[in-house]
Each structure stands twice: as structure tokens, then as C-alpha cells.
Amino acid sequence: MNTNSLSNKRFAIIGVGNIGRILITRLLAAGVPAGQIVICDADVARGQASAAEFGVTAVTLTDEAACTADLILLSPAPQAVPAVLQSLSPRLRQGQVVVSFAALISLARLENIAPPGVAVVRVMPNAPSLVGAGLNPVAYGATATQETRELVTAVLATLGDSIEVQDEQMNWCVGLSGAAMRSLLPVLEGMAQSGEAAGLSPAAARRVAAQVMAGTAVLVLNTDLSFSEMKALTPMQTVDETAVTQLFYDAARSAKDKMDAIQLKLEGGVR
Ligand SMILES: NC(=O)c1ccc[n+]([C@@H]2O[C@H](COP(=O)([O-])OP(=O)(O)OC[C@H]3O[C@@H](n4cnc5c(N)ncnc54)[C@H](OP(=O)(O)O)[C@@H]3O)[C@@H](O)[C@H]2O)c1
């Protein structure tokens, strides 16, 4: 199933903040007709403003279009997800697919709420999906069929790349991918500032920083050189590499530990 196959599916996007807006943008860019997308936000005015901006329809959770969509994409704050799914559940039917983009809310918790036969999927979103360059780890619930997987794969292809993980790995994914752009931006910011200090225009300095990072990533993706071998291609060292490596490892690890602790609290010790 490719992204073309999405054009006859109906989508409900619940929670229209950063991620909800990215989902609308990418689905429209992939050719899903605006008439097949409904959106719902706790802030009704915000939902209506987004609907007007994108040409989609704003609804409430109780509207039929919200609960009969083929794919229901949940992108509110994590603590709102169980209640949203709870209120949709009595009207969900076999064959529908619910995809939660929220951190912290486990597949088991979602599966406990959704009625039998409704496929439940969890994705850890990544903001570069806005330009189709995200990396969105996905975990499938027990009721996900081959058809569910193909459909969700097609949705994720509109956002960029994806990798299947176990639900237990999602808290690692927060620091590894979900929030990682936030950790990498200061690196680019520092590089851009140094470009400006060298006399480049802000736009040129930004381009140099971004292209150097993108080029490095492409080298990692497109060769099987080890990290040491790639480092040897540029003998001059400009940072304390051991410290930088440790910094990023610790950042992802501490994000995971933080998520584990909040999740335990939210789920009352039950995962
Ligand atoms: N942004 C990222 O890079 C990122 C990365 C990893 C995971 N995530 C996950 O993605 C989800 C969305 O993140 P975000 O950055 O898009 O958050 P956001 O910008 O705060 O957007 C969430 C939106 O959902 C609305 N909302 C809250 N409760 C709702 C309800 N019951 N029904 C409908 N809408 C509701 C919020 O309205 P109010 O503001 O009025 O409450 C807000 O407009 C979160 O669960 C987060 O864990 C995001």
C-alpha cells in the first residue's frame, strides 16, 4: 500500500497543536482530499482556525465524522489521550485504526480502552516530519492486522522514515528521536553563529550549518564506515568528542528515566 492508497480513507485528527498540524499538512501534501479530514481540538476556536487555514472540517468528539473515520489520529497532550479514546470507544467499530502519537501512554493502556477489533497503534512523532524528513518509531498492538500495518506504513511514509519498535522501547525513543531535534538545534545554532562571526550572512551561515549536518547524516546513512573510520576522514578534532558523545547518550537516557517515572505515576504503577 503506498501513499496514493490513502486518498480514499477518512481521517479524524484529535488535538491540533504542533503534531496535529504536521499530520494535516503531510496528509494534504500526500493527496488526501481535504474533505476526508476532520479535526477536533479542546480549544474550539483553535480547531476552527486550523480548519479554515487548511480547508478541512472542524468537528467535536461526539460528531459522527470523528468516530467513524477509517483512521483516528490522537495528538493531544498525553494526559488527555485516555479520556479522548474513552469517549470515542462506544462508537468505534471493527476495522477502524486508532493511532496515538502521544508520549507516555502505553499500548496496553490504549488497548484496555479500545473495543475489541479496533486496531491500536502507537507512534513517537518527530517534528522534521513537517517537511517529510521525520523518523517516527511505531509499535503495533495485538489486534493490528497486515492491512493495519500497510495502512499505517503509508501514513508514516507521508512523514518521512519509520522503524518498528516494541512499546517498551518508546520511552527511549523520546530522547532518541521524539525530542532529539531540540537537542540538535543548539549545535546548528552554534555553527550558524560561528558562520556569522566569519562574516557570512545569517542565511548563508544557516545554510552552511544545516548542509554540513545533513551531509554528515547522509554519510552515516549511505556508507557502512564505522564512526572511527568516518572520524578519520577529518583528522582535525574541534570538540571534546568523548564529552559530546556522553552528553547525547546521557540526554536520551535521562529523558527515558524521566518518562519511566512519569508513566509509572500516570498508570498507577501498572504498565
Ligand atoms: N511536539 C513534538 O515534537 C512531540 C514529540 C514527541 C511526542 N509528542 C507527542 O505528541 C502529542 C502532541 O504534541 P504537540 O507538541 O502537538 O502538543 P500541543 O502543541 O500542546 O498540541 C496538543 C493540542 O491538543 C489539544 N488538546 C488537549 N486536550 C484535548 C482533548 N481532550 N481533545 C482535543 N484536543 C485536545 C491542545 O489544546 P489545549 O492547548 O487547549 O490543551 C492542543 O491544541 C503529545 O501527546 C506529545 O507527547 C510530541
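**Figure 1. Overall size of the predicted model.** A compact globule of 271 residues would have a radius of gyration near 18 Å, and the protein has 20 Å, which agrees. The model shown is predicted. Along the principal axes, its C-alpha atoms fill a box of roughly 60 × 40 × 35 Å. The protein has eleven helices and eight strands. Of the 271 residues, 34% are buried. Consider contacts between residues at least 6 apart in sequence: 66% of them join residues at least 24 apart.

Figure 2. The protein is divided into domain 1, residues 3–170, and domain 2, residues 180–266. Their centres, taken over C-alpha atoms, are separated by 30 Å. Five residues from domain 1 and five residues from domain 2 take part in the contact. On the domain 1 side, four of the touching residues are nonpolar and one is polar.

**Figure 3. The largest nonpolar core.** This core holds 60 residues. Within it, A12, I13, L73, L74, V98 and V99 touch the most other members. Helix α1, residues 18–29, supplies the largest share, with five residues. The core also spans the domain division: at least three residues come from each of domain 1 and domain 2.

**Figure 4. Close-up of V98.** V98 is one of the core residues that touch the most other members. Which residues is V98 in contact with, leaving aside neighbours within four places in sequence? They are I72, L74, L85, L110, A114, V118 and V120. One of these, L74, is also among the core residues with the most member contacts.

**Figure 5. The shell around the ligand.** The shell has 26 residues. G15, G17, P76, A102 and G178 come nearest to the ligand. Helix α1 gives the largest share of the shell, three residues. By class, the shell divides into 17 nonpolar, six polar and three charged residues.

Figure 6. Q96 lies in the loop between α4, residues 81–88, and β5. Is Q96 buried or exposed? Q96 is buried, because 22 other C-beta atoms lie within 10 Å. Leaving aside neighbours within four places in sequence, Q96 is in contact with D70, I72 and V118. Two of these, I72 and V118, are also in contact with V98. V123 is 27 residues away from Q96 along the chain, and their C-alpha atoms are separated by 16 Å.

**Figure 7. L104 and its positive phi.** L104 sits in the loop between β5, residues 97–100, and α5, residues 107–113. Most residues other than glycine have a negative phi. L104 is not a glycine, yet has a positive phi of about 75 degrees. L104 counts as buried, because 20 other C-beta atoms lie within 10 Å.

**Figure 8. P137 in strand β7.** Strand β7 covers residues 134–140 and includes P137. P137 has 24 C-beta neighbours inside 10 Å, so P137 counts as buried. Not counting residues up to four places away in sequence, P137 touches M124, S162, I163, V165, M170, C173 and S177. N126 is eleven residues from P137 in sequence, and the two are 8.9 Å apart, C-alpha to C-alpha.

**Figure 9. L156 in helix α6.** Helix α6 covers residues 146–157 and includes L156. L156 is buried, because 24 other C-beta atoms lie within 10 Å. What does L156 touch, not counting residues up to four places away in sequence? The residues are V123, N136, V138 and S162. S162 is touched by P137 too. L156 and L135 are 21 residues apart along the chain, with their C-alpha atoms separated by 8.8 Å.

**Figure 10. L233, an exposed loop residue.** L233 lies in the loop between α10, residues 227–232, and α11, residues 241–266. Why does L233 count as exposed? L233 has 8 C-beta neighbours inside 10 Å, and a residue is exposed if the count is 12 or fewer. P128 is 105 residues from L233 along the chain, and their C-alpha atoms are separated by 28 Å.

Notes:
Residues are numbered from 1 along each chain as its sequence is written. This is a predicted model: local features need pLDDT of at least 70, side-chain atom pairs count only at pLDDT 80 or more; totals for chains, interfaces and linings use all residues. A nonpolar core is a set of buried Ala, Val, Leu, Ile, Met, Phe, Trp, Tyr and Cys residues joined through C-beta atoms within 7 Å. Helices (H or I, at least four residues) and strands (E, at least two) are DSSP runs, numbered from the N terminus. Domain bounds come from an automatic or database domain assignment. Two residues are in contact if their C-beta atoms, placed from the backbone, lie within 7 Å. A residue is near a molecule or strand if its C-beta atom, placed from the backbone, lies within 6 Å of it. Ala, Val, Leu, Ile, Met, Phe, Trp, Tyr, Cys and Pro count as nonpolar, Asp, Glu, Lys and Arg as charged, and the others, Gly among them, as polar. The radius of gyration is taken over C-alpha atoms; the globule rule is 2.2 Å times the number of residues to the power 0.38.
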